[in-house]
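Okay, thanks for having me. Let me put the model up, and then I'll walk you through a few spots in it.

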Amino acid sequence: MDNRDAEITEKILGLKHKRKAVILAHNYQRGEVQDIADYVGDSLGLSQSAARTEAEVIVFCGVRFMAETASILCPDKTVLLPDPHAGCPMANMITAKELIKKKEELSGATVVCYINSSAEVKAESHICCTSANAVKVIESLDAKEILFVPDQYLGHYISTQTDKKMTLWPGFCPTHLKIRAEDISIRKLEYPQAKVLVHPECIPEVIALADEVLSTGGMCRFARQTEAKEIIVGTEMGLIHRLSKENPGKEFIPASERAACPNMKLITLEKILWSLEDLAPQVAVPEGTRLRAKAAVDKMLEIG
Ligand code: SF4
């Protein structure tokens, strides 16, 4: 950490205490942001942390739908998203209006939304899921047909793990799409002993080459427990920081260095400081939408 980062970090920690704030950071955040967070995790872990925090202010270092989820669960807390432009292109691939139209077309289908979706889309869904619990959530449903939104690749992966009939919305994560099957093949030639972990947002051709298909939280657990010393990581590059920090004797090789999410990287130490100084930009979900979205999120949290 250079002197400037150290100075900003000291100011952030002082203000965090004064504001009674907690800093939550997604596994894809910049290393220096992860390092000052109280909790670093995947979408499921962050939702659970938001639900149980006693802090008055939540500084959400991630993208908008994550801050919205915190606000859905904790309406009495101030939720800050240090850069208001940090959105998720995949979440933006479906609107509530489009979902309502599709529900009319598929009358009777049960809607499962990936947590990477807007509060309005969650409000139109029966239940929410994350990549960590998606198969468990789908298996728990007594439904003839499931409409899964918005990630077609996560949806496709789940459909290979269950007998449920699923219709998939054609959304995708542009960052995970940058990981190609050739990237994995090249890495396997370079590191023949390595285990290959990939995220279920990847395309099926990449998933076919993996030893394990895991959420980022699942990758962290796997990395701690495995005897393997070299691990090829098929997800957004930010996770390498956490994996390397937690497992000093092991080497983590990015499947593709192109897999960096520009939206996740919008959050910086400076913006966190400004956000705590100004208590802005805040994210809040209108109460009617919030209550309906919360029902979908709560159902997921009950399943775990
Ligand atoms: S990595 Fe993909 S899914 Fe995650 S925020 Fe970026 S674009 Fe959205």
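I'll go through the cores, then a helix pair, then one glutamate.

Quick housekeeping: this is a predicted model, where local features need pLDDT of at least 70 and side-chain atom pairs count only at pLDDT 80 or more, while totals for chains, interfaces and linings use all residues. Residues are numbered from 1 along each chain as its sequence is written, and side-chain values use heavy atoms, with hydrogens and water left out.

So, the cores. By nonpolar core I mean buried Ala, Val, Leu, Ile, Met, Phe, Trp, Tyr and Cys residues joined through side-chain atoms within 4.5 Å, with buried being under 20% relative accessible area, exposed over 50%, and partly exposed in between, using a 1.4 Å probe and protein chains only. The largest core has 74 residues, and Val 112 is among those touching the most other members. Beyond four places in sequence, Val 112 touches residues including Ile 127, Leu 141 and Phe 148, contact being heavy atoms within 4.5 Å. There's also a second, separate core of 17 residues, with Tyr 157 and Cys 202 in it.

Next, the helices, which are DSSP runs of H or I, at least four residues, numbered from the N terminus. The axes of α3 (residues 43-52) and α4 (residues 64-73), lines fitted to C-alpha atoms over the stretch in contact, come within 9 Å. On the α3 side you've got Ser 43, Ser 47, Ala 50 and Ala 51.

Last one: Glu 246, in helix α12. Glu 246 is partly exposed, at 34%. Its side chain makes a polar contact with that of Arg 224, at 3.2 Å; that's a pair of N or O atoms within 3.5 Å, one able to donate a hydrogen and the other to accept it.

Note on methods: Axes fitted to C-alpha atoms, helices over the stretch in contact; angles between N-to-C directions. Helix = DSSP H or I, 4+ residues; strand = E, 2+ residues; numbered from the N terminus.
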